Amino acid sequence: MPKLEGKIAIVTGASRGIGRAVCDRFSDEGAIVVMCDRNEPDAALLHRQHFRRLDVTQQDDWQALAQEVSSTFGTARILVNNAGIVDYAPIIEVTPDAWKRIMSVNVDGVLFGMQAFLPQMIAAGGGAIVNVSSIWGSVAVPGAAAYHASKGAVRTLSKNAAMTYARQGIRVNSIHPGIIATPHVVDVQERSITDAVIAKTPMGRMADPRELANGVLFLASDESSFVTGIELYVDGGYTAQ
Ligand SMILES: NC(=O)c1ccc[n+]([C@@H]2O[C@H](COP(=O)([O-])OP(=O)(O)OC[C@H]3O[C@@H](n4cnc5c(N)ncnc54)[C@H](O)[C@@H]3O)[C@@H](O)[C@H]2O)c1
């Protein structure tokens with residue numbers, strides 16, 4: 001039996017990388033997937049995948065999306081807040097604009113997504129939210145100050161949402177990727193940081209985005225029905241050291 005048969009799932013940052021892998025994994029399991037991104041998908045959509053252009057920093061657009069999804073498809077039971085951007089500047093060099101840009105996408109976007117979709121999940125009696133943080137939401141490397149701060153905020157905001165809405169049938173968990181082979185990693189200039197993290201990863205390699213998608217599927221599906229407020233690390237053992 002498919003794990004998400006007929007369930008409506010919202011995924012942000014869905015056009016490439018981890019988000020796309022999550023959408024394809026959800027489709028394998030029978031979900032109707034609303035793929036949200038500010039850019040067009042980088043590959044053709046599969047059966048029951050629907051693209052909606054969304055900039056996660058725009059609260060009004062989130063509210064409009066929630067209404068449109070509800071009237072077009074029905075109640076969303078799954079929300080994956082995955083869209084995120086990185087900046088490698090250390091504290092002394094981070095500019096106010098860069099700080100605000102990172103916080104706006106990585107933190108405001110997660111807040112606005114939960115604000116938009118929680119009411120319909122609560123009204124329907126339940127839902128599962130997965131927020132994508134990072135190993136850098138709980139442990140650190142030098143530099144990337146705004147990114148670390150933003151992913152730490154995603155970690156504790158997820159726990160707060162889990163506590164606040166547990167009695168209404170809502171489960172909220174964060175997932176913490178190590179180094180995953182996506183354009184976010186492969187295109188960056190700061191390859192030396194990526195290589196250093198891979199070298200310190202006990203499993204000695206990057207992950208395929210599908211390995212992260214399997215973790216998101218677990219947290220989004222009823223297989224994790226008694227799991228809320230956790231941090232799931234998909235990091236090849238990096239944070240166990
Ligand atoms: N790849 C890794 O190694 C890694 C490690 C830790 C955490 N993460 C996190 O995983 C998530 C996905 O990363 P990825 O590697 O797939 O990145 P990616 O850059 O390959 O893809 C990110 C997607 O998000 C979209 N996006 C960016 N800003 C947006 C906005 N304002 N509104 C809507 N969509 C927007 C982009 O268009 C893109 O399609 C991010 O939150 C990232 O911080 C990734």
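Contact is taken here as heavy atoms within 4.5 Å. On that basis, in this predicted model, helix α2 lies across strands β1 (8-12), β2 (32-37), β3 and β4 (76-81). The direction of α2 is at about 155 degrees to that of β1. Helix α3 lies across β1, β4, β5 and β6, and runs at about 165 degrees to β4.

The protein chain contains seven helices and seven strands. Read from the N terminus, its elements follow the order β-α-β-β-α-β-α-β-α-β-α-α-α-β. The seven strands form an open sheet with parallel pairing, in the order β3-β2-β1-β4-β5-β6-β7. Strands β3 (49-53) and β7 (231-234) are the edge strands, each of them pairing on one side only. From one strand to the next, the twist averages 20 degrees. Within the sheet, β5 and strand β6 (residues 170-177) run parallel and are joined by six bridges. Ile-129 stands opposite Val-172, a residue of β6.

The overall dimensions were also computed. The C-alpha trace of the protein chain spans about 45 × 40 × 40 Å along its principal axes. The radius of gyration of the protein chain is 17 Å, which agrees with the value near 18 Å that a compact globule of 241 residues would have. Of the 241 residues in the protein chain, 52% are buried. Among contacts between residues at least 6 apart in sequence, 70% join residues at least 24 apart.

Two aromatic pairs are present in the structure. The ring centres of Trp-62 and Phe-117 are 6.1 Å apart, and because their planes stand at 80 degrees, the pair is edge-to-face. Trp-62 belongs to helix α2 (residues 59-72) and Phe-117 to helix α3 (residues 96-124), so the pair ties together parts that are 55 residues apart in sequence. Both Trp-62 and Phe-117 are buried. Trp-136 and Tyr-147 also form an edge-to-face aromatic pair, with 6.0 Å from centre to centre and 90 degrees between the planes. Trp-136 is in the loop between β5 (127-132) and α4 (145-165), whereas Tyr-147 is in helix α4, eleven residues apart in the chain. Trp-136 has a relative accessible area of 8% and is therefore buried. Tyr-147 is likewise buried, because its relative accessible area is 7%.

The cysteines were examined for disulfides, for which the two sulfur atoms must lie within 2.5 Å. The count comes to zero disulfides. For Cys-23, the closest cysteine sulfur is that of Cys-36, at 8.4 Å, which is too far for a bond. Cys-36 is accordingly in no disulfide, the sulfur of Cys-23 being the nearest cysteine sulfur to its own. Cys-23 has 0% relative accessibility and so counts as buried. Cys-36 counts as buried too, because its relative accessibility is 1%.

Terms used:
Residues numbered from 1 in each chain as written. Predicted model: local features only at pLDDT ≥ 70, side-chain atom pairs only at ≥ 80, totals over all residues. Heavy atoms only, no water. Phe/Tyr/Trp six-rings, centres within 6.5 Å; stacked < 30°, edge-to-face > 60°. Helix = DSSP H or I, 4+ residues; strand = E, 2+ residues; numbered from the N terminus. Buried < 20%, exposed > 50% of the residue type's maximum accessible area, 1.4 Å probe, protein only. Pairing = 2+ DSSP bridges. Axes fitted to C-alpha atoms, helices over the stretch in contact; angles between N-to-C directions. Rg over C-alpha atoms; globule rule 2.2 N^0.38 Å.
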